[in-house]
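Try each task before reading its solution.

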Amino acid sequence: MAKPGAQSTTVFVIDDDDDVRASIAGLLKSVGLRAETFTSAEEFLSRERSDEPGCLVIDFTLPSMTGFEMQRQLSDAGLQIPTIFISGYDDKPTIAHAMESGAVAFLIKPFEDRDLLDAIREALNRDQTMREASTSSPNRVAASNSGRTPMATEMRNSGIDVVSDMVAWGAHFCLFYETKDDLLDTLTSYCRSGLERGEYCMWIVAEPLTIEEARAALKNVVPDVDRHLADSRLELAPARDWFLKGGTFDGKSLTQDWYDKLARVSARGYPGMRVTGDTTWLSKKDWTHFCDYEDGLNEVIGNQRLAVLCTYPLSQCGAPQVLDVVRTHQFVLARRHGSWDVVETATLKQAKAEIKVLNEELEQRVVERTSELMKASEALREAETELAHVNRVTAMGQLAASIVHETMQPISAAVTNAHAALRSLSADPPDLGDVREALDRIVKAGSRASDVIGRLRALSKKAPPLKDNVAINEAVLDVIALTRGEVVKNGISLRTDFAEGLPRVQADRVQVQQVILNLIMNAVDAMIDVHGRPRELLVGTERDATGGVVVRVTDSGSGLSSESFDRVFEAFYTTKPRGMGMGLSICRTIVEAHGGRIWASRTAGPGATLQFALPAA
């Protein structure tokens, strides 16, 4: 792979997986590219800044921040670096959002080496285009940094003021000119506009104008024209070499040449190609064939990122020739001694009218479709709420024995204390002090039972989401109380590590507790088959780098495989023999609906950590 630009080119690779980083670095080295690897986004952002050319390959689901957060951090830091996302999650809305926000590519692991190299090649071409634009046109820089890929950027300025709004990709128009100055003034502006926007420009020069005259005229408006020629961004070609190969005009062969030329230009990463060619070489015997070729050229141009300006000297065109030219082009310009005339063809006028009708129909369909989508979205939200409720009730079923135990303990204590109170009352004389103590214990036992039942009702009730300021440590403690029996029954040692002074989170308490419940039960299940070493469960909270809170659940089970780390939060993916694969997927939906993120990470010893982060209220 060739390295764009004269400076050293670096591909920055950010992934928390050692194997992935090493594999990508080895691949880049094999094609002659320099790689710098980082284990986290923070490590990359804290490095010493430099202005070296390059691109970024980053795992979209890093533990510390998502790809979208990384893009915001780069933007805030004033860094404009083409980015390629890699991820184990094949989530179509996320991928679409990432591409809309300016990513060069979004590759799903495992991906082919050639796919990554193709994406890197496009990213480096984009980086080079942005750097060249920064020294030539501020407007172009703004376009490059607007978040859209080069191949998605529309042609916005032809350089010809009188028709600047009429020219877009797919335009095929012509110019009748009277003097050489009229011709040169128009074409130099046309080409300069293309070069400033990073487009490939081709000027087919015909006698009596020479290549040297065209180059000199361009140099007056594009001082670094020689560099553009040397970099093959600009091509000045003799008309006879392009149109009359072998001494004859062959429209069919020429049409294929355009397809081939455009494919080569697109492969090099240019956003499009603008072409201009003069017709003074055209003889009377080739006129009909050339008109047929021009007519067919509309099919070539129509769906391509190609704009073609054909030029005709007025002195060589009679009325029949003018009518032929008007028929084969979308619109016609005439320039005589600096004055302009613009003529739209009947076909173009009809097309505009049809487009207006289609736009009106499209707007109506958009309104109707939006209404349908809103109804579907509401139905989806109701289904997700129902599914979450089913998941909570199912989890309650798994905890049934433990819940009975937790409830029976205070009830049994109350009964025991009631009997003690009765015995004290039956004494002669009654021991009222013992009775009072027994009654106090009964009240406390009743409160404990009421707390357990209250927590159960909160988790099992079916109600619409209600966000409130939630103290995360209290929410976690309530869930731990419900699961304590299950933890003890399975011989698991439970430890907690709560940070103090955490901010509250704006969340639906029941939904957040459902996530915590699922993570704890998932950890318990992971340790059921562990023998010969301790079964340890650690539940902790902490403040994250953004000021929000993180809840983490760490077990000492068998851990997760590399595949499971990438897929553990996918719907219907499970490592349990009788699992449905919905619990962690529902957790992901709930957390992301609260503006947070959830991820899995490896531990120093056996087991795994599942954790989620929520923004502060």
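## Exercise 1: Confidence and overall make-up

The protein chain averages a pLDDT of 79, and 79% of the residues score at least 70; pLDDT is the predictor's confidence in each residue, from 0 to 100. This is a predicted model, in which local features need pLDDT of at least 70 and side-chain atom pairs count only at pLDDT 80 or more, while totals for chains, interfaces and linings use all residues. Residues are numbered from 1 along each chain as its sequence is written, and side-chain values use heavy atoms, leaving out hydrogens and water.

**Task.** Find stretches where pLDDT is below 50, then describe the chain as a whole.

**Solution.** 
1. Residues 2-6 have a pLDDT below 50, and this stretch has eight contacts in the model beyond near neighbours in sequence. A contact means heavy atoms within 4.5 Å.
2. Residues 136-153 also stay under 50, with 31 contacts beyond four places in sequence. Where pLDDT is low, the predicted coordinates should not be read in detail.
3. The protein chain has 20 helices and 19 strands. These are DSSP runs numbered from the N terminus: helices are H or I with at least four residues, strands are E with at least two.
4. Of the 617 residues, 46% count as buried. Buried means under 20% relative accessible area, exposed over 50% and partly exposed in between, with a 1.4 Å probe and protein chains only.

## Exercise 2: The surroundings of strand β10

**Task.** Decide how enclosed β10 is, and name strands that pair with β10.

**Solution.** 
1. Count the burial: eight of the eight residues of β10 are buried, so this strand is largely enclosed by the rest of the structure.
2. Look for partners, where pairing takes at least two DSSP bridges between strands. Strand β6 (residues 172-177) pairs with β10 in the parallel sense over six bridges, and strand β9 (residues 273-278) runs parallel to β10, also joined by six bridges.
3. Check T311 in β10: this residue is the bridge partner of L175 and of D278.

## Exercise 3: Aromatic rings

**Task.** Classify the ring pair F12 and F38, and find a charge over one of these rings.

**Solution.** 
1. Start with the total: the structure holds 19 aromatic pairs. Rings of Phe, Tyr and Trp (its six-membered ring) pair if their centres lie within 6.5 Å; planes under 30 degrees apart count as stacked, over 60 as edge-to-face and the rest as tilted.
2. F12 and F38 are 6.4 Å apart centre to centre with 40 degrees between the planes, a tilted pair.
3. F12 belongs to strand β1 (residues 10-14) and F38 to strand β2 (residues 34-38), so the pair links distant parts of the chain, 26 residues apart.4. F12 is buried at a relative accessible area of 1%, and F38 is buried at 7%.
4. The charged end of R47 sits over the ring of F12, 4.5 Å from its centre. The criterion is NZ of Lys or CZ of Arg within 6 Å of the ring centre and within 35 degrees of the ring normal.
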